[in-house]
Amino acid sequence: MANLADEYGTDVEIYIKALTTTIHADTPTGAPAGLHDLLEQLGLERHAYPTSEPLYIWHTVPDHLGAEEQKRLANRAIPALLLAGYTVNCDPEVFDEALYQQAGHRLRARTARPAQQQPAPARSPSRSAPARRTP
C-alpha cells in the first residue's frame, strides 16, 4: 500500500484511489492522533492496516454518499485542516475551487461569530459626561 502523504511530505493527501471512485485522505506514518480525530470530525472514515497493530492509517469519504456529495465533503475539509495548521494537497480531480471557497467563507464566519457575540469590555470614559437636565 502506497502512502502518498509519506511520499510527498504532506500531512494530508486527498485523491481518488486508482481503479476506484473512492476519495482517500492519506496521512503520514506516525501522524498525530489529533489529525486523525479532526478528519473523523470532518466526516471522513478511518481505516487501518493491519488491524491488530495499525501501521498504515488512512481515511475515506463515506461510500454511501453520492459522487457530488463525496467531492463536497472532501473540499469542505480542506479549509479546516489548513486552519488547524496542517499541510494539505488535493488532487485536481477532486479539488473544486468554488466548493473550497464556500467552505472557507463558512469556516471564517463560524470562527468569527463567537468573538462577535462576546460583549465588548466596558471602557472607562476619559472625561465624565455632563449630568443631563430635564426641563
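What share of the 135 residues in the chain is buried? Buried residues, meaning those under 20% relative accessible area with a 1.4 Å probe and protein chains only, make up 32% of the 135 residues in the chain. This is a predicted model, in which local features need pLDDT of at least 70 and side-chain atom pairs count only at pLDDT 80 or more, while totals for chains, interfaces and linings use all residues. Residues are numbered from 1 along each chain as its sequence is written, and side-chain values use heavy atoms, with hydrogens and water left out.

**Overall layout**

- The chain has four helices and five strands, where helices (H or I, at least four residues) and strands (E, at least two) are DSSP runs numbered from the N terminus.
- Read from the N terminus on, these elements follow the order α-β-β-α-β-β-α-β-α.
- Of the contacts between residues at least 6 apart in sequence, 49% join residues at least 24 apart, a contact being heavy atoms within 4.5 Å.
- The accessible surface of the chain comes to about 9300 Å², and 53% of that area belongs to carbon and sulfur atoms; such areas come from the Shrake-Rupley method with a 1.4 Å probe, and for residues only the protein chains shown count as cover.

**The sheet**

- Five strands form an open sheet with mixed pairing, in the order β3-β4-β2-β1-β5, and two strands count as paired if DSSP finds at least two bridges between them.
- Strands β3 (45-49) and β5 (88-90) stand at the edges with a single partner strand each, so one side of each is left without a neighbour in the sheet.
- Neighbouring strands of this sheet are turned by 25° against each other on average, direction ignored; the axes behind such angles are lines fitted to C-alpha atoms, for helices over the stretch in contact, and angles run from 0 to 180 degrees between N-to-C directions.
- Strands β3 and β4 run antiparallel and are joined by five bridges, and they form a hairpin with six residues between them; across this pair, Y49 stands opposite Y56 in β4.
- Strand β2 is joined to strand β4 (residues 56-60) by three bridges, and these two strands also run antiparallel.
- Helix α2 (residues 33-41) packs on the sheet, where α2 touches β1 (12-16), β3 and β4, and the direction of α2 makes about 20° with that of β4.
- Helix α3 packs on the sheet as well, touching β1, β2 and β5, and the direction of α3 makes about 155° with that of β5.

- H24 lies in strand β2 (residues 23-26), has T60 as its bridge partner in β4, and counts as buried because its relative accessibility is 9%.
- Apart from neighbours within four places in sequence, H24 is in contact with residues including E13, I14, Y15 and W58.
- T22 is found in the loop between β1 and β2 and counts as buried at 18% relative accessibility.
- Not counting residues up to four places away in sequence, T22 touches Y15, I16, K17, T60 and D63.

**Helix α3**

- The 17 residues of helix α3 (residues 67-83) should span 24 Å at 1.5 Å a residue, and the end C-alpha atoms are 26 Å apart, which agrees; the expected span is 1.5 Å times one less than the number of residues.
- Several residues of α3 are buried, among them Q70, L73, A74, N75 and A77.
- After α3 comes G85, whose phi is positive, near 95°.

**The nonpolar core**

- In soluble globular proteins, nonpolar side chains tend to be buried together.
- The largest nonpolar core has 18 residues, of which I14, L35, L44 and L81 touch the most other members; such a core is a set of buried Ala, Val, Leu, Ile, Met, Phe, Trp, Tyr and Cys residues joined through side-chain atoms within 4.5 Å.
- The elements that give two or more residues to this core are β1, β2, α2 and α3, and α3 gives the most, with five residues.
- I14 is in contact with residues including I23, A25, A74, I78 and V94, leaving aside its neighbours within four places in sequence.
- I78 lies in helix α3 and is buried, with a relative accessible area of 4%.
- Leaving aside neighbours within four places in sequence, I78 is in contact with I14, V88, C90, F95 and Y100.
- I78 and L39 are 39 residues apart along the chain, and their C-alpha atoms are separated by 9.8 Å.

Notes
Buried means under 20% relative accessible area, exposed over 50%, partly exposed in between (1.4 Å probe, protein chains only).
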